[in-house]
Structures are given as C-alpha cells and as structure tokens.
Amino acid sequence: ARCGLGGHKKVTLSFIGNELHLSRERIRQIERDAIIKLCDRLHENFETAIQYITSVIDSAGGVLAEDELAKLVLSKNRQNPAQYNALRLFLRLTKHLIEIKDSKTARTGWVLKVIDTQSVYDAMQVAHDEIASAGKVLDFSTLWEMCPAYHQYPKQFLQNSISLSREIIITTDGQYGLATWSTINPKNMRDKIYYVLNQSGAPLHFTEITNKIHENAFDSKKVVQPTVHN
C-alpha cells in the first residue's frame with residue numbers, strides 16, 4: 001500500500017498507521033527495515049535485471065528521467081500504475097542508483113551512483129543560465145557548444161540532465177527555452193493561440209487552432225471553439 005503495488009493507490013504513513021492502530025513513526029520504522037531487507041533480497045535474486053536497468057541508464061549518459069526510463073524498460077501492455085509503481089520500488093532498492101527527487105525545479109530521475117548528483121543539478125542550472133542569457137530558444141547543438149565544462153561527459157548526460165529541469169521547456173521541434181516564457185509555455189488562451197499560429201507559420205481557421213491546442217495538451221484546461229473564436 002505504501003508503494004502502490006497490486007493496483008492500490010500509494011498511501012501515507014499516517015493512513016497506514018490509522019488502519020493498523022500504530023503511530024506514524026512506527027510505520028516509518030517498519031518501512032525502513034523492510035526496505036533494507038528487500039534491497040538485500042533484490043541483489044541476491046535479480047542481479048541480471050539490475051544490470052539491465054543500469055545499462056539502460058548508462059547508455060543514456062548516466063542519468064534519465066523516470067518516465068523515460070519506464071517507456072524503455074516496460075512493454076506497452078505493462079505501462080500501468082501498478083507496474084510503474086513496482087518499477088519505482090525496484091529502482092529505489094537498487095544500490096547502484098541515486099534518485100533525483102521531484103521538486104519545484106526538477107522532475108524525478110535516476111542517476112548512476114558513480115556520478116555526482118550535484119553535477120546533474122549544475123548542468124540544469126548552467127543550461128538555464130545560458131538560455132536566459134541568449135534570450136531566445138536554442139537547439140541542443142548550440143547549448144552543447146555553450147557548455148564546454150560538460151564536454152568531459154557524453155552528450156546524452158547534458159541532454160538528459162536538462163530534460164529533468166522544470167525550468168526549461170523542450171518544444172515540439174526540439175528547441176530549448178525557459179518555462180517562464182509564454183511564447184513556448186503558454187498559460188492563457190491568447191498565448192496558446194499565439195503559440196499554435198507561430199508553429200504553423202500560416203493562417204488557420206479557429207476550429208483548426210482549437211484542435212491544435214488540444215493536440216499540444218499544454219495543460220488540463222478544457223478548450224472550446226467559441227473561446228478561441230472570441
């Protein structure tokens with residue numbers, strides 16, 4: 001229940017504590033001890049699977065967003081919440097990986113333990129600063145040239161580190177810009193319409209604009225034709 005296995009939703013320590021008439025702290029202790037035991041069992045019995053997972057991340061430059069990793073290692077018919085949560089627990093138990101935790105500035109990702117996680121955060125910040133300094137969207141080749149300090153790493157390291165940043169947006173045509181720029185991360189209807197027309201490079205009927213806003217799925221807000229027309 002804590003990890004959302006078996007189709008269950010992940011629940012809090014307090015929820016489980018109330019169910020079992022134990023304190024939140026006691027549940028935390030049980031979870032901690034269970035994780036230690038499971039970690040040992042995993043490495044005793046699933047070394048081949050661990051090697052496969054680490055090789056996938058290694059081929060990606062040593063760092064990879066969790067959702068991208070799931071797409072690579074889970075077959076399409078297994079990409080459901082239960083299997084996704086099982087994979088997440090597997091990653092958590094693997095001694096060779098370190099988690100980049102979800103935050104205001106970063107998405108969840110996984111890094112090989114041999115890599116200093118600070119270098120991932122630094123790469124995100126350097127890329128952010130270079131884009132901000134340029135004041136315009138940049139393609140990855142340009143960003144790579146502007147970040148010579150990261151030439152000691154594979155190109156995928158910088159690319160996948162940037163993909164973890166919540167402060168950088170990668171457009172549909174592979175350009176990198178800042179999440180604060182409405183021209184690439186539109187929030188209101190006016191900005192979304194501008195984005196779609198700018199991508200099209202040609203006039204569009206308002207019904208076409210509505211459809212393209214739906215296709216881009218900027219957010220969960222419902223888009224209706226009369227609003228776009230107005």
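Analyst: Start with a term. Two strands count as paired if DSSP finds at least two bridges between them. Keep in mind that this is a predicted model.

User: What is the bridge partner of Ile-169 in β6?

Analyst: Ile-169 has Gly-177 as its bridge partner in β6. Ile-168 stands opposite Leu-178 in that strand.

User: What makes β5 and β6 a pair?

Analyst: The cut-off is at least two bridges. β5 and β6 have three, in the antiparallel sense. Therefore they pair.

User: How do you know that β4 pairs with β6?

Analyst: Strand β4 (residues 138–139) is joined to strand β6 (residues 175–178) by two bridges. The cut-off is at least two, so β4 and β6 pair. They run antiparallel. Leu-138, for one, stands opposite Tyr-176 in β6.

User: In what order do the three strands of the open sheet lie?

Analyst: The order is β4-β6-β5, with antiparallel pairing. Strands of a sheet pair through backbone hydrogen bonds.

User: Why are β4 and β5 called edge strands?

Analyst: Each of them pairs on one side only.

User: What lies between β5 and β6 in their hairpin?

Analyst: Four residues separate the two strands. In the turn, Gly-174 has a positive phi of about 80°.

User: Why is Ile-35 called buried?

Analyst: Buried means under 20% relative accessible area. Ile-35 has 18%, so it is buried. Ile-35 is found in helix α2 (residues 24–45).

User: Which residues is Ile-35 in contact with, leaving aside its neighbours within four places in sequence?

Analyst: They are Leu-89, Arg-92 and Leu-93. Contact means heavy atoms within 4.5 Å. Gln-152 is 35 Å from Ile-35, C-alpha to C-alpha, and 117 residues away in sequence.

User: What makes a set of residues a nonpolar core?

Analyst: The members are buried residues of the listed nonpolar types, joined through side-chain atoms within 4.5 Å. The largest such core has 48 residues. Ile-53, Val-120, Ile-131, Leu-158 and Ile-162 touch the most other members. Another core, of eight residues, lies apart from it; Ile-193, Val-196, Ile-213 and Val-223 are among them. In soluble globular proteins, nonpolar side chains tend to be buried together.

User: Which residues does Val-120 contact, leaving aside its neighbours within four places in sequence?

Analyst: Val-120 is in contact with Val-63, Ile-100, Val-111, Phe-157, Ser-161 and Leu-164.

User: What makes a residue part of a pocket lining?

Analyst: A lining residue has an atom within 4 Å of a pocket point. For the largest pocket, about 420 Å³, there are 16 such residues. Ile-168, Ile-169, Ile-170, Thr-171 and Asn-185 are the closest to its centre. Strand β5 (residues 168–170) gives the largest share, three residues. By class the lining divides into eight nonpolar, six polar and two charged.

User: Which residues lie nearest the centre of the second largest pocket?

Analyst: Cys-3, Lys-10, Arg-88, Arg-92 and Glu-99, out of 14 lining residues. This pocket has a volume of about 270 Å³. α5 (81–93) and β2 (97–100) each supply at least two lining residues. The largest share, five residues, comes from α5.

Technical notes. Residues are numbered from 1 along each chain as its sequence is written. This is a predicted model: local features need pLDDT of at least 70, side-chain atom pairs count only at pLDDT 80 or more; totals for chains, interfaces and linings use all residues. Side-chain values use heavy atoms; hydrogens and water are left out. On a 1 Å grid over the protein atoms alone, a cavity is a set of points where a 1.4 Å probe fits but cannot get out, and a pocket is an open set with protein on both sides within 12 Å along at least five of seven lines; lining residues have an atom within 4 Å of a point. Grid points are joined across faces, edges and corners, and a volume is the space filled by probe spheres set on the points. Ala, Val, Leu, Ile, Met, Phe, Trp, Tyr, Cys and Pro count as nonpolar, Asp, Glu, Lys and Arg as charged, and the others, Gly among them, as polar. Buried means under 20% relative accessible area, exposed over 50%, partly exposed in between (1.4 Å probe, protein chains only).
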